[in-house]
Amino acid sequence: MKSPLYRLKALALLVAAAHALPSLAAGPTATVRVEAQGFRNASGGVGCVLFNQAEGFPDLEEKAFRTVRVAVDQGRAVCEFTQVPEGTYAVAVVHDENRNRKLDKNFLGIPQEGWGVSNNVRPSMSAPKFEEAAFALQPGASKVLTIKIGY
């Protein structure tokens, strides 16, 4: 008869294997590299947010697929998202100068920190829409986006 410890170890191995299988079955993934430029200073940090849906885009990070935080270096920042499945995505980049993990806005809703989105969409009277900033990502491919930060 097997000991309870043996059974616990076997169960742990099965759970670990089950978590690994979906990623193997999903097929090849892609990499998205974001090169943001035009920062006015190196204060704070940069949040690069990858969305796979319109809901929450561009500024509700909790609705995002993935987030990467980096520093500004010589007026630019580079974020990389690896192992991204095939699909349609849009990226928002925020120069989070005060490191509060959000895009600060004034009482009218106008951004007070630098920002940019994929396809460099900058509507004058509204936030950019997911559809305007969207790009397709193919499996096994790499996508490099250059995003201009505006204030």
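## Worked exercises: salt bridges, a surface patch and a pocket

R33, E35 and E80 are joined in a network of salt bridges (a side-chain nitrogen of Lys or Arg within 4 Å of a carboxyl oxygen of Asp or Glu). Keep in mind that this is a predicted model, where local features need pLDDT of at least 70, side-chain atom pairs count only at pLDDT 80 or more, and totals for chains, interfaces and linings use all residues. Residues are numbered from 1 along each chain as its sequence is written, and side-chain values use heavy atoms, with hydrogens and water left out.

**Exercise 1.** Take the R33–E35 salt bridge and work out how far apart its closest N and O atoms are.

*Solution.* Start with the distance: the closest N and O atoms of R33 and E35 are 2.8 Å apart. Next, check exposure, where buried means under 20% relative accessible area, exposed over 50%, and partly exposed in between (1.4 Å probe, protein chains only). R33 comes out at 30% relative accessibility, so it counts as partly exposed. E35, at 21%, counts as partly exposed too.

**Exercise 2.** Find which parts of the chain the E97–R40 pair ties together.

*Solution.* First, confirm the contact: E97 and R40 form a salt bridge, with the closest N and O atoms 2.9 Å apart. Then place the partners: E97 sits in the loop between β5 and β6, and R40 in the loop between β1 (30–37) and β2, so the pair ties together parts 57 residues apart in sequence. Strands here are DSSP runs (E, at least two residues) and helices likewise (H or I, at least four), numbered from the N terminus.

Now try K105 and D59, whose side chains meet in a salt bridge at 2.5 Å, N to O. K105 lies in the loop between β5 and β6 and D59 in the loop between β2 and β3 (66–70), 46 residues apart.

**Exercise 3.** Decide whether F107 is buried or exposed.

*Solution.* Locate F107 in the loop between β5 (87–96) and β6 (115–117). Its relative accessibility is 78%, so F107 counts as exposed.

**Exercise 4.** Describe the lining of the largest pocket.

*Solution.* A pocket is an open set of points on a 1 Å grid over the protein atoms alone, where a 1.4 Å probe fits, with protein on both sides within 12 Å along at least five of seven lines; lining residues have an atom within 4 Å of a point. Count the lining: 23 residues, with G109, P111, W115, S126 and A127 nearest the centre. Finally, β5 and β6 are the elements that give two or more residues to this lining.
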